[in-house]
Amino acid sequence: MRLYNTRTLKIEEFKPLIDGEVSMYVCGPTVYNHIHIGNARPIIVFDTLRRVFEAEGYKVKYVSNYTDVDDKIIKKANEEHKHEAEITEEYIQAYNDVRHKLNAHDLYKTPRVTETMDEIIKFIEELIETGHAYEADGDVFFRVNSVDSYGEISHQNIDDLQVGARIEENDKKESPLDFALWKKTDMGIKWNTKWGEGRPGWHTECVVMINKEFGKDLIDIHGGGMDLRFPHHENEVAQCRALHNTTLANFWLHNGMINIDGVKMSKSLGNFTLAKDVLNQFSPQLVRWLMLSVHYRMELNFSDEVFETAQKELDKVLNPLKQATVKIALANEEIKNEMDQELYQQFLDAMDDDLNTPNAYAVIFETVKKLNQVLRVKDVDANEVSKYIVTIEKMLDVLGIEYLRLTLTEDDKELFNKWNLAKQEKNFDEADKLRSQLIERGLL
């Protein structure tokens, strides 16, 4: 397995900290609303990465959090006259509905900020004690200049960073680059500390949850969207450097953003699309196929034309599978659990190369081509057909694209026999009628 490491800007050979085991953490949603389709991309990308690791025999501990403490949550609760917990429960459930529809595996752990508060407060206390953080009128800030390596994830020079885009301006801070670890508040949900009542800053949560859930301060992989590199992930590493002198993760992976009709998706532009709405319009299989058709680090464009193209591509894979399954059943043969190991290994080799899904798709299409070739011969070799069916199904499973193999009943077989007989007798009206029935049953 070779992966692109954002921290080093290189594709590196993956070597886990523990042989045969992968520790992976991906930043989860802030649960104040339904997620947009851009938030669904890391669900698919990192679920696929997990599946590749598992296909290679690794045990994967995949953790992703819920940020259930945030100003946006408090605002939403006030607007709807609800408790914050009601808001977060509603949208955690909505998020999980999307995950399940997208056929993403269940996670090893899903910690919440509200359940990690004691550890967060203790972590902040340690940063203050070691001089890496300071309290100012009930707020606590991290001293960015206390860590020489600041900028190692986003590859920015600390001297070049100025107050402005993505840097929070605050008169209480020693430096404009310092960021909040704890926010004093008299609104909404809050916890009491020696600095007074408040709630944590966003950048501290994930560091603490990683330390807690994995029981260590260095894991194999930390992932998320490209927009999290700065300041979020940069600030996470800074805190871990300060207390533990580690980079928190050996590999930092970031997926590219999604554009809508060629324009960057943004709430400010009003061109964002909710994931649930996309899944109401298109099948989860198609959404995953489209998401993975472009390399995960590249930008992905969503448009009607792109979906149409993706559907045609997916049909070129699924339709021959269906035809092959029908032929095996009509021949009263069984699909054996044997693969074309060479083709499957070519597929895995592509996936092992920094999740090179375009190359992996090429292997799938080559396998489909071979399947079509063995289907065209007069006397079908059931073993050959079976081998390619199983190989393609296994590839789709690694991609997380759910495919339910057809099972023909005796009535289905009889209907096929009648259809074939009608065609042989050139009884076209009857053949069309029977064909319509087969289509209604999803057999053609």
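**Aromatic rings**

Me: How many aromatic pairs does the structure hold?
Reply: There are 14 aromatic pairs in it. Keep in mind that this is a predicted model.

Me: OK, take Y134 and F141. What sort of pair do they form?
Reply: A tilted one: the centres are 5.8 Å apart, with 35° between the planes.

Me: Are Y134 and F141 buried or exposed?
Reply: Y134 is buried, and F141 is buried too.

Me: And F142 with F179, why is that pair called stacked?
Reply: Because their planes are at 20°, and planes under 30 degrees apart count as stacked. The ring centres are 5.0 Å apart.

Me: Where do F142 and F179 sit in the chain?
Reply: F142 is in strand 6 (residues 139-142) and F179 is in strand 7 (residues 179-184). They are 37 residues apart, so the pair links distant parts of the chain.

Me: What's the relative accessibility of F142?
Reply: F142 is at 0%, so it counts as buried. F179 is buried as well, with a relative accessible area of 5%.

Me: Switching topic: which residues form the aromatic cluster?
Reply: F14, F53, Y58 and F251 form one cluster.

Me: Now charges. Which ring does the charged end of R297 sit over, at 4.1 Å from the centre?
Reply: That's the ring of Y4. R297 also lies over the face of Y296, with 6.0 Å to the ring centre.

Terms used:
Residues numbered from 1 in each chain as written. Predicted model: local features only at pLDDT ≥ 70, side-chain atom pairs only at ≥ 80, totals over all residues. Heavy atoms only, no water. Phe/Tyr/Trp six-rings, centres within 6.5 Å; stacked < 30°, edge-to-face > 60°. Buried < 20%, exposed > 50% of the residue type's maximum accessible area, 1.4 Å probe, protein only. Helix = DSSP H or I, 4+ residues; strand = E, 2+ residues; numbered from the N terminus. Lys NZ or Arg CZ within 6 Å of the ring centre and 35° of its normal.
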